[in-house]
Amino acid sequence: ALSDKLSRLVKDMRGQARITESNVQDMLREVRMALLEADVALPVVRDFVARVKEKALGQEVVGSLNPGQALVGIVNRELVATMGEGVSDINLAAQPPAVILMAGLQGAGKTTTTAKLAKHLIEKRKKKVLTVSGDVYRPAAIEQLKTVTRQAGAEWFPSSPDQKPLDIAAAALDFARKQYFDVLLVDTAGRLAIDEALMREIRELHAALRPVETLFVVDAMQGQDAVNTAKAFKDALPLTGIVLTKMDGDSRGGAALSVRQITGAPIKFAGVSEKIDGLEVFDAERHAGRILGMGDIVALVEQVTAGVDMQAAQKLAAKVKSGEGFDLDDFLAQIRQMKQMGGLSQLMDKMPSQIQAKAGQVDMDKAERDIRRKEGIICSMTPLERRKPDLIKATRKRRIAAGAGVQVQEVNRLLNEFEQMQGMMKKMKGGGLMKMMKRMGG
Ligand code: GDP
Ligand code: MG
């Protein structure tokens, strides 16, 4: 769980409407500590916290939340997004037999996971599965695979310590082809530490077998060291997925974030017991909860955020239905939402370079100033004027312009733009709008 200090900090932050440098500093320090405590590697923590900070700064805090709660929400979302990206079941899109190569250090859980995956593919995907061991350095390892393969209900291809791993692989592949196996799972040798000869061996196996999946098996208890291991395997092999084993241990599982970030490969499965059925499809949301340990606050944030979005949607929909229509307050809300998305130039930074080049012809600073000015103009109107813009005649326009520090023409331009938008909104039926907003909210 996040430290008590963080919980206290969260509670202490009341009545602040925005996440700022000053109110977020202590919080971010605690988030950093919490991630380190969960055994996320230091460089990964730095990167992650910087990303969260960038997303959080300047964000308005919705509804009844305080900035601390809102930040926990952002941290959680970022954890889920990072670890959950591209998650999918085993890819079998290959001319059968689809080959799956297991890679990882000794003791990571390769042999156990090979059998677990065999069971998963037989039961969930209805596949005919063959396993083979290329671990010729430890006779017991071949026997171990034989035993667990039998438990999984798959077939095992015999190999022996006096053979070369490449020859074993070729023979197994040939057998799998002739016997119409759908999948060939290749278990490999691991060392206790990264070893160049061993890396060469598994690279050669990869080149010969051309596997559709190359899975990096890593022990969740490995903590900080997981980073170096992951780096070495990523440099040696084009990894397609990660299996995180020993998640039933008491580690907070920070290795998941480290390994995901270092390899770029999706975490596909989690090992949750020594037994053959102890394999689960990786669940990023649940795992984020485990790393962060603030389930109650995360739930609250989600509840409030969903409530606020729904309230706004319902209010707008009710207005459109009652013929009251879209007013300048709604227009202002839209403008603010745009700002909340991080402003135009920040948005542009995330676009591909071709689009950026095109947009170079548009003056982003000017566009942003324009948004701010519009906000200023609407804020200079009375609530009644915002609800009934028809009331705004020449003298009122002059007063509004003076209040916002702009020319009267700009007030006119904004009112014209608003009228166009209102026309569009009127064409939409209330129900359609609700659906649209729900879709936008995911
Ligand atoms: P390998 O050297 O990579 O092939 O690792 P093994 O498959 O032989 O596993 C090493 C040890 O870890 C064995 O005692 C396994 O029973 C155990 N193990 C593997 N996966 C898990 C898991 O998800 N949970 C637990 N508790 N133990 C596991
Ligand atoms: Mg083994």
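The exercises below concern a predicted model.

**Exercise 1. Classify the packing of helix α3 against helix α10, and identify the residues that form the contact.**

Solution. 
- Step 1. Two packed helices are described by the angle between their axes and the distance between the axes.
- Step 2. Helix α3 spans residues 42-56 and helix α10 spans residues 255-263; their axes come within 10 Å and cross at roughly 85°.
- Step 3. The range for roughly perpendicular runs from 65 to 115 degrees, and α3 and α10 are therefore roughly perpendicular to each other.
- Step 4. On the α3 side the contact is made by Val44, Asp47 and Phe48, and on the α10 side by Leu257, Ser258 and Gln261.
- Step 5. Sorted by class, this contact of α3 with α10 comprises three nonpolar, two polar and one charged residues.

**Exercise 2. Describe the shell of residues around ligand 1.**

Solution. 
- Step 1. The shell around ligand 1 holds 17 residues, of which Gly109, Lys110, Thr111, Thr112 and Gly271 come nearest.
- Step 2. The greatest contribution to this shell, three residues, is from helix α5, which covers residues 110-123.
- Step 3. By class, the shell around ligand 1 has 11 polar, four charged and two nonpolar residues.

**Exercise 3. Locate the two backbone features at Pro97 and Asp39.**

Solution. 
- Step 1. Pro96 and Pro97 are joined by a cis peptide bond, with omega about 0°.
- Step 2. Pro97 belongs to the loop between α4 (67-84) and β1 (98-103).
- Step 3. Asp39 has a phi near 75°, a positive value in a residue other than glycine.
- Step 4. The position of Asp39 is the loop between α2 (21-37) and α3.

**Exercise 4. Relate the UniProt annotation at residues 266-279 to the local secondary structure.**

Solution. 
- Step 1. An unreviewed UniProt entry places the feature "domain: SRP54-type proteins GTP-binding" at residues 266-279.
- Step 2. Over residues 266-279 the chain is 43% strand and 0% helix.
- Step 3. The end C-alpha atoms of residues 266-279 are 16 Å apart.

**Exercise 5. State the confidence values of the prediction.**

Solution. 
- Step 1. The average pLDDT of the protein chain is 83, and 78% of the residues score at least 70.
- Step 2. For the complex, the predictor gives an ipTM of 0.99 and a pTM of 0.70.

Definitions and conventions:
Residues numbered from 1 in each chain as written. Chains lettered and ligands numbered in written order. Predicted model: local features only at pLDDT ≥ 70, side-chain atom pairs only at ≥ 80, totals over all residues. Axes fitted to C-alpha atoms, helices over the stretch in contact; angles between N-to-C directions. Helix = DSSP H or I, 4+ residues; strand = E, 2+ residues; numbered from the N terminus. Parallel < 35°, antiparallel > 145°, perpendicular 65-115°, else oblique. Contact = placed C-beta atoms within 7 Å. Nonpolar A, V, L, I, M, F, W, Y, C, P; charged D, E, K, R; others polar. Near = placed C-beta within 6 Å. pLDDT = per-residue confidence, 0-100. UniProt positions renumbered as here; feature names shortened; annotations may be inferred.
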